[in-house]
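The briefing below takes up selected features of a structure, grouped by topic. Please keep the sequence and the coordinates at hand while reading.

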Amino acid sequence: MDKARMWRRGVSPRLWLAGGWLLLALLAAIFAPLVAPQDPLAQDLMLERLPPFWLDGAEPGYWLGTDSLGRDLLSRLIFGGRIAFIVAFAAAIAACLVGSTLGLIAGYFGGWADRIISRIVDIWMAFPPVLFAILLVAVLGTGLSSVILAIAIIDWTRFCRVIRAEAMGQSRMDYVENARIAGYGRIGIMLREVLPNVVPSIVALLSLEMGIAVIVEAILSFVNLSISADDPTWGGIIAEGRLSIHQAWWVLVFPLITLILTVLSFSQFGEALKARFDPVLR
Amino acid sequence: MSACLDIVNLSAVLPNGQRVLRSVSLAVQPGEVRALVGESGAGKTMIGKAVLGVLPSSVRIVEGDMRLEGEDLGKLRPKARRTLIGARTALIPQDPLTALNPSRRIGPQMTDRLVRILGWSAERADTRIRQLLDEVQIRDPERVLKSYPHELSGGMRQRVLIAAAFAAEPRLIVADEPTTALDVTVQKQILRLIAQLQREHGTAILFVTHDLGVVAKISQKVSVLYAGKVVEEAETAALFAAPRHPYTRALMGATPRYTDPFASLKPVDEAVLAGLAAEIAAVDQAWRQPHG
């Protein structure tokens with residue numbers, strides 16, 4: 001019965017469009033060596049600034065054209081997606097684990113735990129995030145793991161604040177009081193009664209955060225602080241595209257479209273998942 | 001034989017020093033239904049919460065004893081107190097809509113407590129729950145056990161909560177206005193169900209309500225509460241036959257009657273309220289002297 005109803009209500013275009021794009025991008029990133037038509041690093045000055053396939057002068061096999069060094073744009077976007085997704089998943093999950101745990105504790109236990117955690121969050125959020133990220137990567141050194149770490153360190157507060165507020169509301173509910181009367185311990189109640197009710201919000205935030213992580217990674221690679229300069233990243237390609245905007249607009253436009261679609265899909269996917277996870281909305 | 005619940009001289013204050021419970025004493029004998037009646041804000045629910053150990057953190061008990069089957073709750077360590085309360089009491093809550101966890105299915109919610117807190121085997125808990133669902137006249141237990149709370153009506157949820165309250169055979173159930181949030185037609189069924197299960201299981205009930213009609217139907221004894229003070233205590237039949245306190249008389253006067261709907265709805269008399277205020281002030285005065 002549950003399943004039948006899920007299917008009936010399940011045709012939310014939001015979920016399928018967003019999920020479809022993410023799945024496509026993810027699969028392309030995972031199987032990048034198989035799908036990418038060219039070597040993303042192969043330079044060929046004879047093929048520089050080829051236009052995308054529907055314009056005059058396009059070469060077959062270079063669907064979205066090439067950049068000023070003659071590298072295939074589509075292949076670079078696909079390989080850039082690998083880094084984008086790794087950063088998105090790792091950083092968002094790390095931020096989620098730290099932020100949700102602290103938020104749950106602050107919201108459910110209240111009192112001193114709440115005061116301490118909330119003050120830390122307030123102080124944390126006073127830092128301008130992008131500047132903070134750049135600073136962190138500058139200190140930690142460039143590289144995949146420091147980008148992930150920087151994003152997690154900055155963005156756990158997002159989870160903490162939302163989950164704290166939700167846990168606080170939950171802990172005033174009658175079923176929490178009932179569980180206390182029945183003799184459950186505080187931590188047991190937090191995990192069994194409160195946590196399941198904040199999971200939909202955690203899922204939505206997690207997906208949103210993945211989108212944010214993609215943006216931050218793009219920003220960091222735009223200012224050349226992300227991964228080594230050789231690996232293609234979306235931010236890196238955008239930075240290159242900016243320089244040749246008048247000769248080859250496609251080098252700027254395609255990575256931007258990819259980035260926007262991905263970030264938008266993450267946030268929409270999260271919202272749709274939240275509705276799906278919530279037993280009352282379901 | 002010791003009382004199932006024995007409250008002696010219980011006083012509680014808010015942080016600003018205002019008393020919310022004024023030396024409340026009341027006893028519930030095993031298997032007895034004791035009604036606790038009063039206006040909203042009289043402290044009825046507060047007494048229930050105090051017994052169950054879930055008072056809001058702002059309310060502080062400043063004196064008095066509470067004994068559950070002879071065990072002094074104030075003398076137990078917090079953990080032992082929780083275990084005792086968990087094993088011997090249960091709550092039938094006021095609002096069945098918020099008393100069940102919306103993200104968990106009914107079945108696990110009901111058996112969980114038996115298995116985790118009381119250490120029953122899963123099969124025994126399952127059998128027990130089905131038996132109780134049958135007793136509260138739920139005809140399709142399979143569907144109910146698999147449902148999420150929002151898939152059931154308010155009356156069904158209250159039946160589930162009643163079944164859950166009786167499942168572990170507690171000695172005392174606190175029923176906190178269990179019919180207030182329900183439809184009038186459903187109220188009657190639920191009330192009858194509680195009375196029936198109470199008789200069959202021999203459970204003592206502290207029945208909190210503002211409805212004298214409900215008091216007359218279900219309870220053997222009544223405590224009338226005003227501003228956190230018990231103003232009258234009597235056998236239910238005696239109270240209805242001859243209320244002694246003017247406030248009780250006024251409350252009865254304010255109960256709607258089908259035969260004479262308009263004339264019966266009298267607000268409590270000014271003189272009665274003035275008398276009550278004086279009584280409360282006198283009590284507080286007498287209380288403050290030894291307590292500084």
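In this predicted model, the buried residues of helix α6 of chain B are covered by elements of chain B that include the strands β6 (89–92) and β7 (172–176), together with the helices α3 (106–116), α4 (122–135), α5 (141–146) and α7 (184–201). Because 11 of the 14 residues of α6(B) are buried, this helix is largely enclosed by the rest of the structure.

**Helix α6 of chain B**

- The helix runs over residues 154–167 of chain B, and its 14 residues reach 20 Å from the first C-alpha to the last, close to the 20 Å expected at 1.5 Å a residue.
- Its buried residues include the charged side chains B:Arg157 and B:Arg159, and B:Gln158 is also among them.
- From B:Val160 onward, the buried residues are B:Val160, B:Leu161, B:Ile162, B:Ala163, B:Ala164, B:Ala165, B:Phe166 and B:Ala167.
- Just after α6(B), the backbone at B:Glu169 adopts a positive phi of about 50 degrees.

**The open sheet of chain B**

- Four strands of chain B form an open sheet with antiparallel pairing, in the order β2-β1-β4-β5.
- The edges of this sheet are β2 (19–28) and β5 (71–72) of chain B, each of which pairs on one side only.
- Strand β1 of chain B, residues 5–13, runs antiparallel to β2(B) and is joined to it by six bridges.
- Within that strand pair, B:Ala12 has B:Leu21 of β2(B) as its bridge partner.

**Overall make-up of chain A**

- Chain A contains 11 helices and zero strands, and along its principal axes its C-alpha trace spans about 80 × 50 × 30 Å.
- Of the 282 residues in chain A, 45% are buried.
- Among the contacts in chain A with a separation of 6 or more, 71% are between residues 24 or more positions apart.

**Where chain A meets chain B**

- On the two sides of this interface, 15 residues of chain A are in contact with 21 residues of chain B.
- The elements of chain A that give two or more residues to the side touching chain B are α8 (174–182) and α9 (186–222), and α8(A) supplies the largest share of that side, with seven residues.
- By residue class, the side of chain A that touches chain B divides into eight nonpolar, three polar and four charged residues.

**The largest nonpolar core**

- The largest nonpolar core holds 150 residues, of which A:Ile151, A:Ala213 and B:Leu206 touch the most other members.
- Helix α4 of chain A, residues 73–109, gives the most to this core, contributing 19 residues.
- If neighbours within four places in sequence are left aside, A:Ile151 is in contact with A:Val87, A:Ala91, A:Ala95, A:Ala133, A:Ala213 and A:Val216.

**An exposed phenylalanine in a loop**

- A:Phe31 is found in the loop between α2 (13–30) and α3 (32–35) of chain A.
- With 11 other C-beta atoms within 10 Å, A:Phe31 is classed as exposed, because the cut-off for that class is 12 or fewer.
- From C-alpha to C-alpha, A:Phe31 and A:Trp156 are 31 Å apart in space, and in sequence they are 125 residues apart.

Technical notes: Residues are numbered from 1 along each chain as its sequence is written. Chains are lettered from A and ligands numbered from 1 in the order in which they are written. This is a predicted model: local features need pLDDT of at least 70, side-chain atom pairs count only at pLDDT 80 or more; totals for chains, interfaces and linings use all residues. The expected span of a helix is 1.5 Å times one less than its number of residues. A residue is buried if 20 or more other C-beta atoms lie within 10 Å of its own, exposed if 12 or fewer, and partly exposed in between; C-beta atoms are placed from the backbone. Two residues are in contact if their C-beta atoms, placed from the backbone, lie within 7 Å. Two strands pair if DSSP finds at least two bridges between them. A nonpolar core is a set of buried Ala, Val, Leu, Ile, Met, Phe, Trp, Tyr and Cys residues joined through C-beta atoms within 7 Å.
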